[in-house]
Amino acid sequence: MPKFALVKTLTPHIQYLIVNNDCVVIPGWGALVASVSHSRLTDGRLTPPCRSIGFNQALTHTDGMLASSIARRDGISYQVADSIVRDGVDELRNIYDVNGEVSIDRIGTFTRDDNGSMIFSPAADSIANSPYFGLPALALASEETDIPTERTPRFMPLRRAIRVAASIAVLTLLGFVLSTPVLIDRQNHDFASLTGPEITSGRPIAISAPETADTDIPTLYIQMPPADAVATCEDAAPVKPADHKYFLIVASHATRRQAEDYIAARSTEQLEILERDGRFRVYAATGATIEEAQRPMNDQAFNSLHPDGWVYRAR
């Protein structure tokens, strides 16, 4: 299948981004979405977890992630990198229109069916599954499986003798302890009683008045902080309402330490960590709807800090 130069230029960036992110948008083409299938027990076999790629043809609006990756690696401006991405997508579409199919190495193949619709088939050696590569399926032994016991009779008599001797020693020690009398001196001990103590006679107690110091007692003044210095609820980190299931993601990491380092480097922003499907995503806002979660993206200052922001729906 023909592969042109610009498509080869985009391929390593797409591969890198899908390994480290859950969603990679190819502008004007669609979005690759990675999802994790957890381990399952089927017919006595425990299959390992798997990370697979899906395709959403409706997400074609650029999020800047692919162009930013090219700009960082090649040391060029974002505008030049964005032009390379658009040319590469045009080349990808030309191959698809002429041949009816086009593939991206270790990502998958896009095929046109009889109705003219685009069908995506993920690659068997998908790079998105790199975190779980090499994990084998395990065959679990059932309860009816016969376990060899050839050496068991050789050690059973010794083990049984040790258990019997230990039991006899414990019973003997308990019998000695329980049968030994304990002497109690009842004359010199106090016992609980409902009768209160008897007071035979009162004894005066002399309390001396404190002496007055010759020096004057200093006056202590406490300076209160100004009203604007007192922290308010608006300064605190936002608390996600229970009905918010949409998160504005600005970064996605494989470990919590990486996510915490990302937040530490941006201490002036209010960022939190969302752990889902083995990924630690850093989010800047939440919402009950997609529009509500996307609200910060309308701010030009926010877009300059997080041009790759995208919305994640928690399941």
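A pocket is an open set of grid points where a 1.4 Å probe fits, with protein on both sides within 12 Å along at least five of seven lines. In this predicted model, the largest pocket has a volume of about 840 Å³. Its lining comprises 31 residues. Those nearest the centre of the largest pocket are C23, V25, L59, W310 and V311. Strand 1 (23-26), strand 2 (30-37) and strand 13 (310-313) each give two or more residues to this lining. By class, the lining holds 15 nonpolar, 10 polar and six charged residues.

At least two lining residues come from each of helix 1 (5-20), helix 2 (65-74), strand 10 (246-253) and helix 5 (256-264). Strand 10 contributes the most, with five residues. The lining of the second largest pocket has 11 nonpolar, six polar and four charged residues.

The protein chain contains seven helices and 13 strands. Of its 315 residues, 27% are buried. Among contacts with a separation of 6 or more, 61% join residues 24 or more positions apart. The accessible surface of the chain is about 22900 Å². Carbon and sulfur atoms account for 56% of that surface.

Two loop residues have a positive phi without being glycine. D43 has a phi of about 55 degrees. It sits in the loop between strand 3 (40-42) and strand 4 (45-47). D43 is exposed, with a relative accessible area of 78%. For D277, phi is near 55 degrees. D277 lies in the loop between strand 11 (272-276) and strand 12 (279-287).

Definitions and conventions. Residues numbered from 1 in each chain as written. Predicted model: local features only at pLDDT ≥ 70, side-chain atom pairs only at ≥ 80, totals over all residues. Heavy atoms only, no water. Helix = DSSP H or I, 4+ residues; strand = E, 2+ residues; numbered from the N terminus. Buried < 20%, exposed > 50% of the residue type's maximum accessible area, 1.4 Å probe, protein only. Contact = heavy atoms within 4.5 Å. Areas by Shrake-Rupley, 256 points an atom, 1.4 Å probe, with all protein chains shown as cover. 1 Å grid on protein atoms, 1.4 Å probe; cavity = no way out; pocket = protein on both sides within 12 Å on 5 of 7 lines; lining within 4 Å. Points joined across faces, edges and corners; volume = space filled by probe spheres on them. Nonpolar A, V, L, I, M, F, W, Y, C, P; charged D, E, K, R; others polar.
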